[in-house]
Amino acid sequence: MLSKKKTMEMLNVIAEMFPDAECELNYRNPFDLTIAVLLSAQCTDATVNRVTASLFEKYHTPHDYLSVPLEELMEDIRSIGLYRNKAKNIQSLCRILLDEYEGQVPKEHAELVKLPGVGRKTANVVVSVAFGVPALAVDTHVERVSKRLGICPWKDNVTEVEATLCRQVPEERWTKTHHQLIFFGRYHCTAKNPKCNECPLLSDCREGKKRKKVLVGEE
């Protein structure tokens with residue numbers, strides 16, 4: 001695992017590459033954002049945004065999602081992966097919001113994770129993006145990049161990756177670092193064809209150096 005100094009040097013390079021990184025999900029308020037992040041599990045933000053373009057025109061409040069049969073909501077999000085379970089979770093979540101939170105999304109992380117379909121990652125995104133509370137959500141991009149760069153061990157689960165990053169990164173940078181790592185993983189250090197040869201972190205990246213050796217050996 002890298003030292004805090006080395007970690008921050010690498011993250012500063014990524015910050016220079018993607019200074020304007022931010023949440024790419026479309027939303028109007030904390031409730032919309034919660035629905036969008038719930039839908040984004042095992043699905044791209046681009047796909048979610050295509051679906052929510054019409055979804056958010058039709059549904060505005062928790063009551064709206066409960067005013068239609070489950071089958072109708074399933075049909076509305078059919079192009080989203082795991083749409084059946086997600087539709088059930090949305091309606092269950094909306095019922096709880098109305099019964100226990102006066103129809104409002106709670107601001108507290110501990111309350112958010114109690115909601116159906118809302119795991120730790122979703123709660124971190126909601127508190128940081130919607131409410132401005134420092135948090136560092138770990139999605140597939142953040143996990144992949146953190147392990148490739150050697151910030152975290154390969155064996156670590158997402159909770160351990162989050163804990164390591166939160167120890168290494170100053171709290172006031174958690175939210176921005178989350179978005180910058182996502183952009184780096186989504187547009188540069190991609191899963192299948194990372195841009196290793198043009199990466200400013202190649203000399204420090206264990207994954208990049210390994211890939212380069214393989215390519216040289218094939219020549």
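What volume does the largest cavity have? I looked this up and read about 90 Å³.

**Basis.** The model is predicted, so I note that local features need pLDDT of at least 70 and side-chain atom pairs 80 or more, while totals for chains, interfaces and linings use all residues. Residues are numbered from 1 along each chain as its sequence is written, and side-chain values use heavy atoms, without hydrogens and water.

**Cavity.** I took a cavity as a set of points, on a 1 Å grid over the protein atoms alone, where a 1.4 Å probe fits but cannot get out; lining residues have an atom within 4 Å of a point. Of the 14 residues lining the largest cavity, those closest to its centre are Cys-189, Pro-194, Cys-196, Cys-199 and Cys-205.

**Pocket.** A pocket is an open set with protein on both sides within 12 Å along at least five of seven lines. I found about 680 Å³ of space in the largest pocket. Its lining has 32 residues, with Ser-40, Asp-45, Lys-121, Asp-139 and Thr-140 closest to the centre. Helix 11 gives the most to this lining, six residues.

I counted helices as DSSP runs (H or I, at least four residues).

Technical notes
Grid points are joined across faces, edges and corners, and a volume is the space filled by probe spheres set on the points. Helices (H or I, at least four residues) and strands (E, at least two) are DSSP runs, numbered from the N terminus.
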